[in-house]
Amino acid sequence: MTMDTMPQEPTVRSEGRLGWGAALGNVIQMELRQRLRTRSWYVMLAVWFVVIGLVTWGSVASYNTLAGDDLFFGPGRFVFEAVVGFVLFFGLLVAPAMSASTVSGDRAGGTLAIVQVTLATPGQLLTGKWLAAWIAALGFLVAALPYIVLAVVLGGLDVPGLVVFVLMVAVELGVICALGTAVSAIVSRTLFAVVATYLLVALFSLGTLIGFALTAPLTMTTVPANQAVYPDEQPLVDDETEYDAAEWEPLRCAGPMVPQETLDTRSTYWMLAANPFVVVADAVPHPEKPPYDPDDPETWAPDGIMTSISTGVRYLQQPPETNVECANGQLMDQGPGEDSEGTPVWPLGLGIQVAVAAALFAWGRQRLVAPAARLPRGTRVA
């Protein structure tokens, strides 16, 4: 047999590759069967269901304590945001452990090489394992659906906001699972892959807060302002005395202009954009509320945790004059109108997360190419 008539192995193999649909279906089915085969998965979901129930009960009790009984707003949104925030928090803890061992675990067990020589490409193999981990992580979100329905029944929750909240939490779980799956393909040791994934999650969730806090003093600036003049006698407050809330407000600004120091966070607020909680909270439109009447306490209702996060990030985009009561000789509520809504930051944050996950995903795919030119010392092949 001459060289011209010898079969070409690479050509035969490339022509026999599976399509994306069939390859992904096989990998996802194989991964989910392995996950659902153990009883611990169902135990975790049962415990998670009970914990979410306790969080829901605590949220209802907290809302009733803070807001009172006779209110125009139902506790639905407050309870729903507490449930969603806890699901996201728990997902940040569980998703790395569920995804960071998908590839490195097979490599340590000597079964990865068997899958690599099948008709699935490295990209299909890695994507299938990521989707399987994502589906498994979504199980915790599905387990919380009964309490989300309860929040809708309690009232005060808009359906569009509910849908956006759930979708964004699902997207964040997918991003975290993508990070874990990619790191699992890059790193040979399972323990190191899990630790590295947790470090990435900590970088997004805690590192953004630390970075913003450390750079905030660097934004210190001065604003010309004078002193606010209040009424001579402040009203006494007790449980039986009714008073006009307007008596607490300053009357005017007076005195010479002096520079006052304040923070100008317009140049650093973007550091919080990649925080998973900020991405989820900022993507949801703020609920419409009737105007708050200081003389009528029943028109006040506490904001949920996610709405408070979004409001805080938007407030950081305001000019420094909003932090000083009598900036430029004007009371805060008498100054020029500013757009209190600010600019949404969740597209930037989600873009940063997806870019990091995509870069790691490309690196992980390259590590799954077989045959490998070089393997780390101690790597088990079969």
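The largest nonpolar core of this predicted model has 67 residues, and those with the most contacts inside it are Phe80 and Val87. A nonpolar core here is a set of buried Ala, Val, Leu, Ile, Met, Phe, Trp, Tyr and Cys residues joined through side-chain atoms within 4.5 Å; buried means under 20% relative accessible area, exposed over 50%, and partly exposed in between, with a 1.4 Å probe and protein chains only. Helix α9 (residues 159-186) gives the most to this core, contributing 15 residues. Helices (H or I, at least four residues) and strands (E, at least two) are DSSP runs, numbered from the N terminus. Around Val87, once neighbours within four places in sequence are left aside, the contacts (heavy atoms within 4.5 Å) are with Trp48, Ile52, Leu141, Ala144 and Val169. As background, nonpolar side chains tend to be buried together in soluble globular proteins.

Residues are numbered from 1 along each chain as its sequence is written, and side-chain values use heavy atoms, with hydrogens and water left out. Because the model is predicted, local features need pLDDT of at least 70 and side-chain atom pairs count only at pLDDT 80 or more, while totals for chains, interfaces and linings use all residues.

Seen as a whole, the chain has 13 helices and two strands. Of its 382 residues, 42% are buried. Among contacts between residues at least 6 apart in sequence, 85% join residues at least 24 apart. The accessible surface comes to about 20,800 Å², and 65% of that belongs to carbon and sulfur atoms; these areas come from the Shrake-Rupley method with a 1.4 Å probe, and for residues only the protein chains shown count as cover.

The whole structure holds nine aromatic pairs, where rings of Phe, Tyr and Trp (its six-membered ring) pair if their centres lie within 6.5 Å, with planes under 30 degrees apart counted as stacked, over 60 as edge-to-face and the rest as tilted. Trp48 and Phe86 are stacked, at 5.6 Å centre to centre with 10° between the planes. This pair links distant parts of the chain, with Trp48 in helix α3 (residues 40-67) and Phe86 in helix α4 (residues 76-99), 38 residues apart. Trp48 is buried, with a relative accessible area of 2%, whereas Phe86 counts as partly exposed at 25% relative accessibility. Trp130 and Phe361 form an edge-to-face pair, 5.9 Å centre to centre with 75° between the planes. Phe361 is buried, with a relative accessible area of 16%. Ring pairs also link Trp48, Phe86, Phe89, Phe90 and Phe140 into a cluster.

Charged side chains make links too. There are three salt bridges, each defined as a side-chain nitrogen of Lys or Arg within 4 Å of a carboxyl oxygen of Asp or Glu. In one of them, Lys129 and Glu31 meet at 2.4 Å, N to O. Lys129 lies in helix α7 and Glu31 in helix α2, 98 residues apart, and both residues are buried. Helix α2 (residues 20-36) also holds Val27, which is buried at a relative accessible area of 5%. Not counting residues up to four places away in sequence, Val27 touches Leu125, Gly128 and Lys129. Val27 and Lys129 are 102 residues apart in sequence and 6.5 Å apart in space, C-alpha to C-alpha.

A further salt bridge joins Arg314 and Asp282 (2.7 Å, N to O). Because Arg314 lies in helix α12 and Asp282 in helix α11, the pair ties together parts that are 32 residues apart in sequence. Arg314 is buried at 9% relative accessible area, and Asp282 is buried at 2%. Helix α11 (residues 276-283) has eight of its eight residues buried, so this helix is largely enclosed by the rest of the structure. Its cover includes α4, α9, α10 (190-215), α12 (305-315) and α13. Arg266 forms a salt bridge with Asp264, the closest N and O atoms being 2.8 Å apart; Arg266 is partly exposed, with a relative accessible area of 41%, while Asp264 counts as buried at 18% relative accessibility.
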